[in-house]
Each structure stands twice: as C-alpha cells, then as structure tokens.
Amino acid sequence: MTKKENSKQYDLEDRTFQFARKVRDFVGKLNKTIANIEDGKQLVKASGSVGANYIEANEALSKKDFLMRIKICRKEAKESRYWLRLIDTDSKSELEKDREALENEARELTHIFGSIVTKRQ
C-alpha cells in the first residue's frame, strides 16, 4: 500500500469515528420520548458499526472477507440514515440542521463504501 492510499485509509477511519461521535452528541440533545429513545439506540448502534466494520475490513484475511466487511459498512451507513429520518427533532431548527448534516454524511459514507465494493470486485 502506498503512503497516499494508507493516508486515505486512516482518513476514512477517522471520518467514520467522527460520524459515530456526532451521532452520539445529537442523540443526547433529543427530547426523551419513547420513540426517540428506541430509535436513538438503533442509530447509535448502526453509526458505531460503520467504523468498527471498516477497521475490521482493514484487517481482513482475504479479499472476500474485506468485501463482506465493506458491504456491512455500506449497510450500516444506510441503516443509520434510516434511523436519522425517523428521529423526531420536534421542529427545533438547530436539531433539524444537525439531523440533515448527519443524514448527508450517512449518504456520503454509503456512496463511498459502495464505490469501494465496485472497484474491488
């Protein structure tokens, strides 16, 4: 792996980590309704799984293992977007802006992982 490829690898590790951190901050600001609590739990799990599976992909034992982990990253990013769409921000503009930014990041991560799968198959 070249130095440039290695740098990109760690940038994506950091990006997925930051996504999970921002999701946790966002969930902590939400109104504690039953729906938000349950949807928030699912969102926290899915957002953390994106980065955890990316780390696993980087330690893959084979190309097949790598592709499976990257596909899981893509699936978890899509799932994160789903839960973000369900969250009730109670029409608070700051929370809605945060939700939209996180939804956009989940969408971008989905595209990135989809591109990796396409290039590596």
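Contact means heavy atoms within 4.5 Å. I began with leucine 43, which touches Val23, Phe26, Val27, Ser80, Trp83, Leu84 and Ile87, residues up to four places away in sequence being left out of the list.

**Entry on the model.** I noted that the model is predicted, that local features need pLDDT of at least 70, that side-chain atom pairs count only at pLDDT 80 or more, and that totals for chains, interfaces and linings use all residues. Residues are numbered from 1 along each chain as its sequence is written, and side-chain values use heavy atoms, with hydrogens and water left out.

**Entry on the core.** I looked up the largest nonpolar core, which has 25 residues. Such a core is a set of buried Ala, Val, Leu, Ile, Met, Phe, Trp, Tyr and Cys residues joined through side-chain atoms within 4.5 Å. Leu43 is one of the residues with the most contacts inside this core, together with Phe26, Ile70, Leu109 and Phe113. Helix H1 (3–29), H2, H3 and H4 each supply at least two residues of the core. Helices (H or I, at least four residues) are DSSP runs, numbered from the N terminus.

**Entry on alanine 46.** I found alanine 46 in helix H2 (residues 34–58). Is alanine 46 buried or exposed? Alanine 46 is buried, with a relative accessible area of 1%; buried means under 20%, exposed over 50%, and partly exposed in between (1.4 Å probe, protein chains only). Apart from residues up to four places away in sequence, alanine 46 touches Glu76, Glu79 and Ser80. Alanine 46 and glutamate 76 are 30 residues apart in sequence, yet 5.2 Å apart in space, C-alpha to C-alpha.

**Entry on H3 and H4.** Two packed helices are described by the angle and the distance between their axes. I read that the axes of H3 (residues 63–86) and H4 (residues 93–120) come within 8 Å and cross at roughly 160 degrees. Axes are lines fitted to C-alpha atoms, for helices over the stretch in contact, with angles from 0 to 180 degrees between N-to-C directions. H3 and H4 are therefore roughly antiparallel to each other, a term for angles over 145 degrees.

**Entry on the loop.** I then examined the loop between H3 and H4, where aspartate 90 is found. Aspartate 90 has a positive phi of about 55 degrees although it is not a glycine, and is partly exposed at 44% relative accessible area. Serine 91 lies in the loop between H3 and H4. Its phi is near 60 degrees, a positive value in a residue other than glycine. At 73% relative accessibility, serine 91 counts as exposed.

How values were computed
Parallel < 35°, antiparallel > 145°, perpendicular 65-115°, else oblique.
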